Amino acid sequence: MTDLELYERVRQKDKEALEILYDRYERILYAFVLQLTKDRDLAEEAMQEVFIKLWRGGGVYDESKGKFRSWLFTMSRHVAIDLIRKRKPDLQLDESYAEAIPSESPSVETEVEWQEERAQIETAMATLPTEQQQVVRLMYFQGLSQQKIADACGIPLGTVKGRIRLALRQLRKQLSHEFIGKEVEQ
């Protein structure tokens, strides 16, 4: 069952759906909130508040604005910041991390989506033959030119070009299937 289907069931007061969402996100959200609050009690309280808010309909997810997972992380972040302010009013938040992210920094939603996409890319890369992985990593992750890759690996330039072309074709096929599958799932 997708997150969106579970969310819709939670809105209809389905306790089982809430339990499934809790089980699905409990660990990663707790780790995220703990990193933000640096306090286990606050992190646990924030988790409880997030799922109570979800149950009571305090936050409304809008599918057109992004993924459910990103929305849940954003709501968790806001709840944690509110709890920090209530519990420790004299405590100065680390504004650089918690709230005042410069406009050129990615949002929480963007960061979560980037982490998901990165994992999908790494999974797709792992399916490539070792020789193709090597040239793709050298070119796209280390910024070497095709000629420098050929020199470093001791292979002809045409072989480098062929490996990159084959690797990119395979990655494109796998990732387009992966992303289409994710969109259908949500």
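Of the 186 residues of the chain, 34% count as buried, where buried stands for under 20% relative accessible area, exposed for over 50%, and partly exposed for the range in between, with a 1.4 Å probe and protein chains only. The model is a predicted one, in which local features need pLDDT of at least 70 and side-chain atom pairs count only at pLDDT 80 or more, whereas totals for chains, interfaces and linings use all residues. Residues are numbered from 1 along each chain as its sequence is written, and side-chain values use heavy atoms, with hydrogens and water left out.

The chain holds 9 helices and 0 strands, and its pattern along the sequence reads α-α-α-α-α-α-α-α-α; these elements are DSSP runs numbered from the N terminus, with helices (H or I) of at least four residues and strands (E) of at least two. Among the contacts in the chain with a separation of 6 or more, 60% are accounted for by residues 24 or more positions apart, a contact being defined by heavy atoms within 4.5 Å.

Two packed helices are described by the angle between their axes and the distance between the axes. For helix H2 (residues 15–37) and helix H4 (residues 68–87), the axes come within 10 Å and cross at roughly 45 degrees, which makes H2 oblique to H4. The axes are lines fitted to C-alpha atoms, for helices over the stretch in contact, and the angles run from 0 to 180 degrees between N-to-C directions; angles under 35 degrees count as roughly parallel, over 145 as roughly antiparallel, 65 to 115 as roughly perpendicular, and the rest as oblique. On the H2 side the contact includes Leu 21, Tyr 25, Leu 29 and Phe 32, and on the H4 side it includes Phe 68, Leu 72, Phe 73 and Ile 84. By class, this contact of H2 with H4 comprises 13 nonpolar, 2 polar and 2 charged residues, with Ala, Val, Leu, Ile, Met, Phe, Trp, Tyr, Cys and Pro taken as nonpolar, Asp, Glu, Lys and Arg as charged, and the others, Gly among them, as polar.

When neighbours within four places in sequence are left aside, Phe 51 is in contact with Leu 18, Leu 21, Tyr 22, Tyr 25 and Leu 29.

Ile 84, in helix H4, counts as buried because its relative accessibility is 4%; although Ile 84 and Ala 46 are 38 residues apart in sequence, their C-alpha atoms are 9.4 Å apart in space.

Most residues other than glycine have a negative phi. Lys 13, in the loop between helix H1 (3–11) and H2, has a positive phi near 65 degrees and is partly exposed at 43% relative accessibility. Lys 38, in the loop between H2 and helix H3 (40–56), likewise has a positive phi, of about 60 degrees, and is exposed at 67% relative accessibility.
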